[in-house]
Amino acid sequence: MGVDAMTFYRLARGLKKRGVPLLPAILRKAIYYLHSSYIPEDADIGEGTQLGYGGIGVVIHKAAKVGRNCLISQQVTIGGRSGLEGAPVIGDYVRIGAGAKVLGNIKIGDFAVIGANAVVLKDVAPGTVVAGVPAKVIRQDPDPLTTYQREMGLLPQRAPLSAVPPAASMRQ
């Protein structure tokens, strides 16, 4: 397993919290040169969050908040908008497709899905799928947890309909 941008980010954030002055800035530069990404140690990124393809081309605003167990694909920008205060707040278990832009002082609800190359400029409700430029609601999921588990392959495998072994059925 290689060292991806998220590993460098977590190391830099931990060092900054401990008051180490220079090393976090060096690690931020390493993220930039190795992964073409900007992930400042000031950004609040929850545990379990992953960056697709090691974080290639990901840009995250220093005031952004990203929840736990999110999946952020390559070339994603999570940033502010010119002339407007604030940065995005991303909920837990959010999936953001490749090339998407999440911009401005907006909130993305838990279990939301943002399609590839979408430009999100408004709040997204929990369990909502958005896509397009600008992003529009494609689907509102009534049970986002089950959908997330199914799509991520986390549900247990179901037993086959004929649970009786073939040899046992022949004896009858």
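Q: What volume does the largest pocket have?
A: In this predicted model, the largest pocket has a volume of about 160 Å³.

Q: Which residues line the largest pocket, and what makes them lining residues?
A: The lining is made up of Val120, Leu121, Lys122, Asp123, Val124, Ala125, Thr128, Val130, Pro134, Ala135, Lys136 and Val137. A lining residue has an atom within 4 Å of a grid point of the space, so each of these residues meets that cut-off. Strand 13 (128–131) and strand 14 (136–140) each supply at least two residues of this lining.

Q: How do the residues of that pocket lining divide by class?
A: There are 8 nonpolar, 1 polar and 3 charged residues in the lining of the largest pocket.

Q: Why is the other kind of space called a cavity rather than a pocket?
A: The name cavity is used because a 1.4 Å probe fits inside but cannot get out, whereas a pocket is an open set of points. The structure holds 1 cavity of 30 Å³ or more, and about 60 Å³ of space lies in the largest cavity.

Q: Which element gives the largest share of the lining of the largest cavity?
A: Helix 3 (residues 144–151) does, with 3 residues. The residues lining the largest cavity include Pro144, Thr147 and Tyr148, as well as Arg95, Arg139 and Asp141, and by class the lining has 5 nonpolar, 2 polar and 3 charged residues.

Q: What makes residues of helix 1 count as buried, and which are they?
A: Buried means under 20% relative accessible area, and therefore Ala5, Met6, Phe8, Tyr9, Ala12, Gly14 and Leu15 fall under that limit. These buried residues pack against helix 2 (23–35), strand 1 (44–45) and strand 2 (50–51).

Q: Why are strand 2 and strand 14 said to stand at the edges of the sheet?
A: The open sheet of 6 strands has the order 2-5-8-11-13-14, with mixed pairing. Strand 2 and strand 14 each have a single partner strand, so one side of each is left without a neighbour in the sheet.

Q: How do you know that strand 2 and strand 5 pair?
A: Pairing requires at least two bridges, and strand 2 and strand 5 (residues 71–72) have 2 bridges in the parallel sense, so they qualify as paired. Gln50 stands opposite Leu71 in strand 5.

Key:
Residues numbered from 1 in each chain as written. Predicted model: local features only at pLDDT ≥ 70, side-chain atom pairs only at ≥ 80, totals over all residues. Heavy atoms only, no water. 1 Å grid on protein atoms, 1.4 Å probe; cavity = no way out; pocket = protein on both sides within 12 Å on 5 of 7 lines; lining within 4 Å. Points joined across faces, edges and corners; volume = space filled by probe spheres on them. Helix = DSSP H or I, 4+ residues; strand = E, 2+ residues; numbered from the N terminus. Nonpolar A, V, L, I, M, F, W, Y, C, P; charged D, E, K, R; others polar. Buried < 20%, exposed > 50% of the residue type's maximum accessible area, 1.4 Å probe, protein only. Contact = heavy atoms within 4.5 Å.
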